[in-house]
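Welcome, and please open your viewer with a cartoon view and the backbone atoms at hand. We will go from strands to loops, one selection at a time.

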Amino acid sequence: MQDAEPPPLRSRLHSQLHSQLHPQLQSRLQSLASIEAALWRELEAAAADRGHEWRVAVLATVDAGLPEARCIVLREVDAVHRRVVFYSDARSPKVRQAAAAPAAVLVMWSRRLSWQLRLRVDLEVLAAGPEVASRWERLALTSAAQDYLAPLAPGSTAGDGEPPPPGRADGHHFAVLTGQVRSADWLELHPAGHRRAAFDDDGARWLVP
Ligand SMILES: Cc1cc2nc3c(=O)[nH]c(=O)nc-3n(C[C@H](O)[C@H](O)[C@H](O)COP(=O)(O)O)c2cc1C
């Protein structure tokens, strides 16, 4: 992706002055290329570290023309191929929505970084095949396996009496959701001035926050 001009001089000077007054702000990334590299490093870190603030993202999909959103764990990130990976129950509404309308948005916020990230992704559902089998092999040995072994589909109604007891289906309903990242919208909140940038197939550019 191409790099572009940094923000205007007045805003750079403002930022430099702030950095002098507040030495902890000196490490602020300056170029679009370094910001893009850093956001992918953070995404990779989030997939590897349960404590990372981007580990749980909000995934927004479209359900028959209406918006829908939920929290989801970021399981894998491939920065080279711009791919993100999630796990879900193959019977869940989000999987049905992804199959019917693959365009989705992921939203993340990090207080540590003061960064919001919005990713436009095209989702693909994998419910069988080697990519599913290899991940299920690892998952089946952990307590998380039960998330994909419920006898009834997520969101099934279960009356207004007792909540449904946990049970076990005969087979698993594990599905892998991959998201091909089409564009990224990065927003940094900062006392020296907020900054925002877009990264997509047309290159990288600053946006008005
Ligand atoms: C912190 C957190 C993490 C979650 N991670 C996942 C996940 O990785 N996969 C998943 O299918 N649901 C996950 N959920 C549950 C979903 O948010 C949602 O309630 C459920 O999957 C049903 O969503 P749907 O009806 O949109 O399919 C998570 C919920 C929370 C609160």
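Begin with residues 103-110, strand β5, which pairs with β1 in the antiparallel sense over three bridges. Before going further, two notes on conventions. Numbering starts from 1 along each chain, following the sequence as written. The model is predicted, so local features need pLDDT of at least 70 and side-chain atom pairs count only at pLDDT 80 or more, while totals for chains, interfaces and linings use all residues. Strands are DSSP runs of E with at least two residues, numbered from the N terminus, and two of them pair if DSSP finds at least two bridges between them.

Now select Val58: its bridge partner in β5 is Val107.

Next, highlight residues 56-63 and 66-73, which are β1 and β2; they run antiparallel and are joined by eight bridges. Pick Thr61 and look across to Glu68, its bridge partner in β2.

Follow the chain into the turn: β1 and β2 form a hairpin with two residues between them. Click on Ala64 there, which has a positive phi of about 50 degrees although it is not a glycine. Is Ala64 buried or exposed? Ala64 counts as exposed because it has 8 C-beta neighbours inside 10 Å (the cut-offs are 20 or more other C-beta atoms within 10 Å for buried, 12 or fewer for exposed, and in between for partly exposed, with C-beta atoms placed from the backbone).

For the last stop, select Ser114, in the loop between β5 and β6 (115-126). Ser114 is a residue other than glycine with a positive phi, near 60 degrees. With 13 C-beta neighbours inside 10 Å, Ser114 counts as partly exposed.

Note on methods
Helix = DSSP H or I, 4+ residues; strand = E, 2+ residues; numbered from the N terminus.
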